[in-house]
Amino acid sequence: QVQLVESGGGSVQAGGSLRLSCVASGSTIFSTCMGWFRQAPGKEREGVAAMYIGAGADGGSTHYADSVKGRFTISHDNAKNTVHLQMNSLKPEDAAMYYCAARPVSVCGYSWSFGYNYNYWGQGTQVTVSS
């Protein structure tokens, strides 16, 4: 069983930056696909980024939604069992509740952005971007 707790959300102006963190407890997140998702009011949940944390050729591989490529970076702090999402050049359309999710698998793969594939979820952290 993995417990996930997000932090780092807040309110910024367009063009600003935020760094979200997701701390995992209860189990190591090694051999796990860790994803970040977001959901804005009235919109469907969407996958933002994912990273496979594990050994082998896929270890450290990352995936991004087209809408955030070049602006967001997902990273992992192994010692702290934590995943980060660095968000730069934020836009008003990035405003949403951001969720961290974990999926114990051998690779993230093409299905990284499908939330129903993930087993564990955090409670979310709110990101507000003003224009």
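1. Tyr 116 is found in the loop that lies between strand 9 and strand 10, the latter covering residues 120–121. In this predicted model, Tyr 116 has a relative accessible area of 66% and is therefore classed as exposed, the cut-off being over 50%. Together with Tyr 110 and Phe 114, Tyr 116 makes a nonpolar surface patch of about 450 Å².

2. As to the overall architecture, the protein has eleven strands and zero helices, so that its pattern, read along the sequence, is β-β-β-β-β-β-β-β-β-β-β. The C-alpha trace spans about 40 × 25 × 25 Å along its principal axes. A compact globule of 131 residues would have a radius of gyration near 14 Å, and the value for the protein, 14 Å, agrees with that expectation.

3. Buried residues make up 43% of the 131 residues, and the accessible surface comes to about 6300 Å², of which 48% belongs to carbon and sulfur atoms. Among contacts between residues at least 6 apart in sequence, 60% join residues at least 24 apart.

4. Strand 9 deserves a paragraph of its own. Six of its eight residues are buried, so strand 9 is largely enclosed by the rest of the structure. Its pairing with strand 4 is antiparallel and rests on seven bridges, with Gly 35 having Ala 101 in strand 9 as its bridge partner.

5. Two further pairings of strand 9 can be followed in the model. With strand 11, which covers residues 125–130, strand 9 pairs in the antiparallel sense over three bridges, and here the bridge partner of Tyr 98 is Thr 125 in strand 11. With strand 10, strand 9 also pairs in the antiparallel sense, over two bridges, and Ala 102 stands opposite Tyr 120 in strand 10.

6. Turning to charged side chains, the count comes to four salt bridges, and a network of salt bridges links Arg 38, Glu 46, Arg 71 and Asp 94.

7. Which class does Arg 38 fall into, buried or exposed? Arg 38 has a relative accessible area of 5%, and because buried means under 20%, Arg 38 is classed as buried. Asp 94 is likewise buried, with a relative accessible area of 0%. Arg 38 also forms a salt bridge with Glu 46, where the closest N and O atoms are 2.7 Å apart, but Glu 46, at 32% relative accessibility, counts as partly exposed.

8. A salt bridge is also formed by the side chains of Asp 66 and Lys 69, with an N to O distance of 3.2 Å.

Definitions and conventions
Residues are numbered from 1 along each chain as its sequence is written. This is a predicted model: local features need pLDDT of at least 70, side-chain atom pairs count only at pLDDT 80 or more; totals for chains, interfaces and linings use all residues. Side-chain values use heavy atoms; hydrogens and water are left out. Buried means under 20% relative accessible area, exposed over 50%, partly exposed in between (1.4 Å probe, protein chains only). Patches are made of residues with over 30% relative accessible area and no salt bridge: like charges are joined within 9 Å, nonpolar side chains (Val, Leu, Ile, Met, Phe, Trp, Tyr) within 5 Å. Accessible areas come from the Shrake-Rupley method with a 1.4 Å probe; for residues, only the protein chains shown count as cover. Helices (H or I, at least four residues) and strands (E, at least two) are DSSP runs, numbered from the N terminus. Two strands pair if DSSP finds at least two bridges between them. The radius of gyration is taken over C-alpha atoms; the globule rule is 2.2 Å times the number of residues to the power 0.38. Contact means heavy atoms within 4.5 Å.
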